[in-house]
Amino acid sequence: MTLEQKVGQTLQADSGAVTPEEVKEYRLGSVLSGGNSAPGPLPYADTQGWLSLADEYWEASRDPDGVEIAIPVIWGIDAVHGHANLLGATVFPHNVGLGAARDPDLIERIMEATARELVVSGHDWTFAPTLAVPRDDRWGRGYEGFSETPEVVISYSDRIVKGLQGDFGSSGFLAAGKILSAAKHFIADGGTDSGRDQGDASISEEELRDIHALGYLPALEAQVQTVMISFSSWQGVKMTGNKGLITDVLKGRMGFNGFVVSDWNAHGQIPGCTNTDCPQAINAGIDMYMAPDSWKGLYYSTLDHVRSGRISMERLDDAVRRILRVKLHYSLFDRGKPSSRQMAGDTSILGSEEHRALAREAVRKSLVLLKNSNQILPLSGAQTVLVVGDGANSIAKASGGWTLSWQGGVHANDEFPNGETILSGIQNIVEQHGGSVIFDPEGTGQHDADVIVAVYGEDAYAEFQGDRGNVDFDDGAFDTKLLDRYKGEGKPVVSVFLSGRPLWVNPEINASDAFVAAWLPGSEGGGVADLLFQTKPSYDFTGKLSFSWPRSADQTVLHHGMDGYDPLFAYGYGLSLQDSNNLGELSEISGVEVSSSSSGDVFFTDGRVATPWSLYGIVDRNQTRMNGLTWDGGKLAFSGTDREAQEDSLRIDWRSGGQVVRFATHDPVDLSRQSNGAMELSFFVKNLGADPARLILRMGCEGGPCGDGQAVEVSGPEWREVRISLSCFADQGADLSSLQTGLTIFSAAPASIGISEIKLAPDTDATKICGV
């Protein structure tokens, strides 16, 4: 192998940022597809779309032009609850629900089905299992964990690997219909302070070992072929640069002989590194950089570092040897192009009767019955059932993040051709038993019904977009205060609560006769209906909490065995239909104060500046802080204006050019993780002046470089949405890791605009958009 070929093997590029020709030219070792990076215009694709691109990458990597041996590429994707970026695939419950099932056999069968569906589309590798032990329910990735204690994780981790890869030592290991597995995110991603995604776990070595490391041991014994390193830190050291834990512990003491891959541009977060230059990561033990859009710059800088000796040839050879060992175990050289493999392109496997039955079984086993006053459940199918709530007729809401797109939640039911809503599951059962169903999603109508089934909960999120300040349930389109109205009318209420974590829902529990924690059940809503109506005598609630349920909204750190443990429902709690448990009235004092924002992701919403930001007007370098929206500084003025509601937006008048509008905070805000991910600055704007406005937006200009800024042209009297990738600001030199000046808006000439809903939002199409 040439030096250039070796370096190429250590790089993984995103399919949205690399062509097949570039895979050949740079001899890349791997391609991944991020949550929004499918071939075609959508964040997901059909079988042929995936398979065609898989073949193109494969054939490019196997082209022998210019090399002694052409090494096939492997293609990875986040199939974390089924192959959920593939149209028609089976979407299984998220791990938070599967942990409640306490069923290792079920887990292995789910992974076998997932592997088969991945082979259909030509993928080789899934970034699963997540072996985190989430210890703080504020964490936005908590639903990717099975339990707050390591015992459940230990019981599942080897079975997941066996389901995906096959049983090591048998003829079925990495055989046809099997794919590569990645244990992630090593290590303690579930133990960060305040549950902050990509944050620091300032925990002891004993807790690191006895809580967060234990789940990896069975996976390693099952010969998991890859391990993904966490974005997060331990005791202030970024894991991606932690040689002691990657090389000495994981590869040395734990005996891992596969290859180590980093997370999405995580190497760029190591002190002294950038996304395109980071010898520290490979020297720490990273074998393959996940460098989605930074791979080309990283290729050249890594070449230079090997030539200079900063990265030794011995370390590079070890990394490449590990990557090749996995490819050889996978029989990649003999496997043929993806479309030629057994089961490839066979769409009958997707959402097959067998897979859907398995997913429906998983839903039944994952549901946890928290309340069942006077044994109102099971319901009779002969009744008139009023179904309300925004989750009843939405597979996307019931599936959560990492479903068809990175953040999920925005997809119509027809985008799940092999799925069933909870509403449809209820309708099918009731109609079979002579009853009737009334569906009123908002629940505001007057209906004559025997019972109300309300399906509601958290809106979808993924990763840091799901981080919260507390565990008070305060989102979702359905107004749960309507439950009190039904209760006052004497109608029994059954709540089906959709969430990626336990949340404080005492008012909703009080207003419900029965309350079911359904978690994020996925595409088989009929599994919920099976238990609500007990369609077979053998069906019952068997799920047990694998995460403790909070008594108040400030119980964000709540796990079995901790000092002062005082949950509302303890770890392991879960009723059956035979249990008699009439829960008393619960306190409805949440214990927290509601604020519009605390993460810094929102600057301005609903006509007000969001915490922790403050709004300033700067006229001739003299700064004035706003206490409201109305201010006249002569050359610059603020007032309220309307977009969707009265004064829900900000009017800015530059009567003289050169003045500055600033959103700033006293305590620095870290937006580096948002910049590193596919996040954008989003806002609505319209022109209110006689002439078009040309705005310059900057972030992070506290005396350091932040470039020329991002230009936005504003013309026309209609509101339009503007999106600018955060990485555009970072590319200009803005330090987004410690922001006090979060955003400045500048106009060199007189102008008048309306601006509204200024916030950070996930990139919906994975396209980098900078100002023009």
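In helix 14, the buried residues are His-355, Leu-358, Ala-359, Glu-361, Ala-362, Val-363, Arg-364 and Ser-366. The model described here is a predicted one. Helix 14 covers residues 353-366, 14 residues in total. From its first C-alpha to its last it reaches 20 Å, close to the 20 Å expected at 1.5 Å a residue. The cover over its buried residues includes helix 4, helix 5, strand 12 (368-372), strand 17 (514-519) and helix 19 (526-532).

**Helix 5 and its ends**

Helix 5 is one of the elements that cover helix 14, and helix 5 is itself mostly covered, with 13 of its 18 residues buried. At 1.5 Å a residue its 18 residues should span 26 Å, and the end C-alpha atoms are 27 Å apart, which agrees. At the start of helix 5, a side-chain oxygen of Asp-103 comes to within 3.2 Å of the backbone nitrogen of Asp-105. After the helix comes Gly-122, with a positive phi near 90 degrees.

Arg-102 is found in the loop between helix 4 (95-101) and helix 5 (104-121). Arg-102 is partly exposed, with a relative accessible area of 30%. The charged end of Arg-102 sits over the ring of Tyr-571, 5.1 Å from the ring centre. In another such arrangement, the charged end of Arg-335 sits over the ring of Tyr-330, 3.8 Å from its centre.

**Backbone angles**

Most residues other than glycine have a negative phi, and most peptide bonds are trans. The table lists residues and bonds that depart from this pattern.

| Item | Feature | Angle |
|---|---|---|
| Arg-102 | positive phi | about 50 degrees |
| Gln-198 | positive phi | near 65 degrees |
| Ala-128 to Pro-129 | cis peptide bond | omega near 15 degrees |
| Phe-186 to Ile-187 | cis peptide bond | omega near 10 degrees |

Pro-129 lies in the loop between strand 4 (125-126) and helix 6 (150-165). Ile-187 is found in the loop between strand 5 (180-186) and strand 6 (200-201). Gln-198 also lies in the loop between strand 5 and strand 6. Gln-198 is buried, with a relative accessible area of 10%, whereas Arg-102 is partly exposed.

**Aromatic rings**

A pair of aromatic rings is described by the distance of the centres and the angle of the planes. The model has 24 aromatic pairs. One of them joins Tyr-26 and Tyr-299 edge-to-face, at 4.9 Å centre to centre with 85 degrees between the planes. Tyr-26 lies in helix 2 (residues 20-26) and Tyr-299 in helix 11 (residues 295-308), so the pair ties together parts that are 273 residues apart in sequence. Tyr-26 counts as buried at 6% relative accessibility, and Tyr-299 is buried with a relative accessible area of 6%.

Phe-473 and Phe-497 form an edge-to-face pair, 5.1 Å centre to centre and with 85 degrees between the planes. Phe-473 is in the loop between strand 15 (451-457) and helix 17 (482-488), while Phe-497 is in strand 16 (residues 493-498), 24 residues apart. Phe-473 counts as buried at 9% relative accessibility, and Phe-497 counts as buried at 0%.

**Nonpolar cores**

Which residues touch the most other members of the largest nonpolar core? Of its 115 residues, they are Leu-377, Val-453, Leu-532, Trp-549, Leu-681 and Leu-697. Apart from this core lies another of 109 residues, among them Ala-45, Phe-92, Ile-160 and Leu-180. Leaving aside neighbours within four places in sequence, Leu-681 is in contact with residues including Phe-603, Leu-697, Val-722, Phe-729 and Leu-760.

Definitions and conventions: Residues numbered from 1 in each chain as written. Predicted model: local features only at pLDDT ≥ 70, side-chain atom pairs only at ≥ 80, totals over all residues. Heavy atoms only, no water. Core = buried A, V, L, I, M, F, W, Y, C linked by side-chain atoms within 4.5 Å. Buried < 20%, exposed > 50% of the residue type's maximum accessible area, 1.4 Å probe, protein only. Contact = heavy atoms within 4.5 Å. Helix = DSSP H or I, 4+ residues; strand = E, 2+ residues; numbered from the N terminus. Expected span 1.5 Å × (residues − 1). Polar contact = N/O pair within 3.5 Å; in protein donor to acceptor, adjacent residues only side chain to side chain. Phe/Tyr/Trp six-rings, centres within 6.5 Å; stacked < 30°, edge-to-face > 60°. Lys NZ or Arg CZ within 6 Å of the ring centre and 35° of its normal.
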